[in-house]
Amino acid sequence: MGQTNNVPGIATAKTVNSTTVELRLKNDRHILVDFYGDHIFRLFVDSSAKQLRAPEAKPEAQILVDQPRKPVEKLSLTEQEGLS
């Protein structure tokens, strides 16, 4: 039996700043990939807002240290056809 792939493809990808990439999916949802170092990142998906914000927790908690970022050596995007 064939399985249908319901995952939307990426419509656009752009760097927001030196540590963040914004992905706009073909279904108009947004995903931000925020790098805290070369191998540490956070995926941010929020249908109510398009800007990165601090994580929320109830009860309130601070899950990040005050200075969480380490230098990101190189952040670049490469355009490639055929991926959806």
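## Overall fold

The chain has four strands and zero helices. The model is predicted. Along the sequence, the pattern reads β-β-β-β.

Of the 84 residues in the chain, 23% count as buried. The exposed surface comes to about 7,300 Å². Carbon and sulfur atoms supply 50% of that area. Among contacts with a separation of 6 or more, 28% join residues 24 or more positions apart.

## Nonpolar core

The largest nonpolar core holds seven residues: V21, L23, L25, I31, V33, F35 and V72. Strands β2 (20-25) and β3 (30-37) each supply at least two residues of this core. In soluble globular proteins, nonpolar side chains tend to be buried together.

V21 is one of the core residues. Leaving aside residues up to four places away in sequence, V21 touches K14, T15, V16, I31, L32, V33, L75 and L77.

## Salt bridges

The structure holds three salt bridges. Side chains of opposite charge can pair when their charged atoms come close.

K14 pairs with E22, with the closest N and O atoms 3.6 Å apart. E22 is buried, at a relative accessible area of 14%. R24 pairs with D28, and here the closest N and O atoms are 3.0 Å apart. R24 is partly exposed, with a relative accessible area of 28%. D28 counts as exposed, at 53% relative accessibility.

Where does D34 lie? D34 sits in strand β3. Is D34 buried or exposed? D34 is buried: its relative accessible area is 0%, and the cut-off for buried is under 20%.

D34 and R69 meet through their side chains in a salt bridge, at 2.8 Å from N to O. D34 belongs to strand β3 and R69 to the segment after β4 (40-44), so the pair ties together parts that are 35 residues apart in sequence. R69 counts as partly exposed, at 39% relative accessibility. The D34 side chain also has a polar contact of 3.3 Å with the side chain of Y36.

Notes:
Residues are numbered from 1 along each chain as its sequence is written. This is a predicted model: local features need pLDDT of at least 70, side-chain atom pairs count only at pLDDT 80 or more; totals for chains, interfaces and linings use all residues. Side-chain values use heavy atoms; hydrogens and water are left out. Buried means under 20% relative accessible area, exposed over 50%, partly exposed in between (1.4 Å probe, protein chains only). Contact means heavy atoms within 4.5 Å. Accessible areas come from the Shrake-Rupley method with a 1.4 Å probe; for residues, only the protein chains shown count as cover. A nonpolar core is a set of buried Ala, Val, Leu, Ile, Met, Phe, Trp, Tyr and Cys residues joined through side-chain atoms within 4.5 Å. A polar contact is a pair of N or O atoms within 3.5 Å; within protein, one must be able to donate a hydrogen and the other to accept it, and residues adjacent in sequence count only if both atoms are side-chain atoms. A salt bridge is a side-chain nitrogen of Lys or Arg within 4 Å of a carboxyl oxygen of Asp or Glu.
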